[in-house]
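Dear colleague,

I am handing over the structure below, and after it you will find my notes on what came out of it. Please read them alongside the coordinates.

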Amino acid sequence: MRKLLYILLLALLPMWGCYDDSLRKPDGRESIGVPIVLSTASITTPVGDPDNMPAEYSIVNLSIFFADAGSTTINSVFVHPTFSSIDFSTIGNTKLVNLPLTPGALTNQDIYVVANCSDVAAMNAVQTVADIKALQTPAATTATGLTTTAGLPMYGTLPNADLNTSTVSAPLNVLLTRACAKIRVTVTFTGPTWVGTNNRVQLQNAAPYTFYVPGNIPALATSALINYPITNLTAQSAQQFSGIVYVYESATAPQLQIYTTVSGTTYNYTASANFPVPVRNYLYDIEIQILPPTRSGLCEEAEVSVRVKEW
């Protein structure tokens, strides 16, 4: 099942209005606060489900852009609005932000949302839709890779949104998807006496960044590709180990290096054949079987299978 992040855009009742002088329109009218409620977890997601961990839904910051419907010019920009948290135990991680807009004075708007981008200067520089398309995700490095610490990069848009018809009972919805893929690696040792320790994996030649807006995957030179840092695998049983790596989508498939130590000797396997090209918001289950040697003196073998589903 596709796991999407919902933003509910509500026209705020006048009694909830923002009456700070700094929010007044040039013509002297007061701006009515329009809140955006961010539900960043599905109410049907089981607690501890490895397919949907709370950190993967975290929105650390967001920037919101408005343009007249069909226009390429941005007319309103809200960079990193301050959150106020709301604890709805039946909904999950929900956040609220008020925007100083006057719904009755606006024509239909195209809404663009960029979440978890710390580049404030780039956000403030946006003037056109082309500028939004040019926004790059935070760079993954050989030291840190791509983690949930600062929030996974997300993007969503809602064309031709009528702010004047939005109500609490019938809100507008902007669907956010993560601009990265999730790879879960599971290594199983098939021989009871052939079990490795210090098991770990590394993605090689993966993309160091992508763009927030989908459909614009960068064509990267070999020199621009990087090796994501080594990820230690956690024991699931005596013979099975797993771990999660987040990776940006790319036009080429990365390689996967598997490391294990058996009887004091470190072995390295390379998985590249039929390895998937990462697509945003997809989960890739990479299952690897490490086979014991068939005869003394022969190299050990590894078999790889891949399952894919929407994250």
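**Strand β11 and its sheet**

Arg 200 has Asn 232, in strand β12, as its bridge partner. This contact between strands comes from a predicted model, and it belongs to a pairing in which β11 and β12 (residues 231-232) run antiparallel and are joined by two bridges.

With strand β15 (residues 255-262), β11 also pairs in the antiparallel sense, here over six bridges. Strand β11 itself, which spans residues 197-204, is mostly covered, with six of its eight residues buried.

Taken together, four strands make up an open sheet in the order β12-β11-β15-β16, and the pairing is antiparallel. Because β12 and β16 (265-271) each have a single partner strand, they stand at the edges, and one side of each is left without a neighbour in the sheet.

As to confidence, the chain has an average pLDDT of 76, and 68% of the residues score at least 70. The mean is highest in helix α2 (residues 129-133), at 97, and lowest in strand β1 (residues 5-9), at 39. Over residues 1-36 pLDDT stays under 50, although the model has 107 contacts beyond four places in sequence for them; over residues 87-92 it likewise stays under 50, and there the model has six such contacts. Where pLDDT is low, predicted coordinates should not be read in detail.

With best regards

Definitions and conventions
Residues are numbered from 1 along each chain as its sequence is written. This is a predicted model: local features need pLDDT of at least 70, side-chain atom pairs count only at pLDDT 80 or more; totals for chains, interfaces and linings use all residues. Side-chain values use heavy atoms; hydrogens and water are left out. pLDDT is the predictor's confidence in each residue, from 0 to 100. Contact means heavy atoms within 4.5 Å. Buried means under 20% relative accessible area, exposed over 50%, partly exposed in between (1.4 Å probe, protein chains only). Two strands pair if DSSP finds at least two bridges between them.
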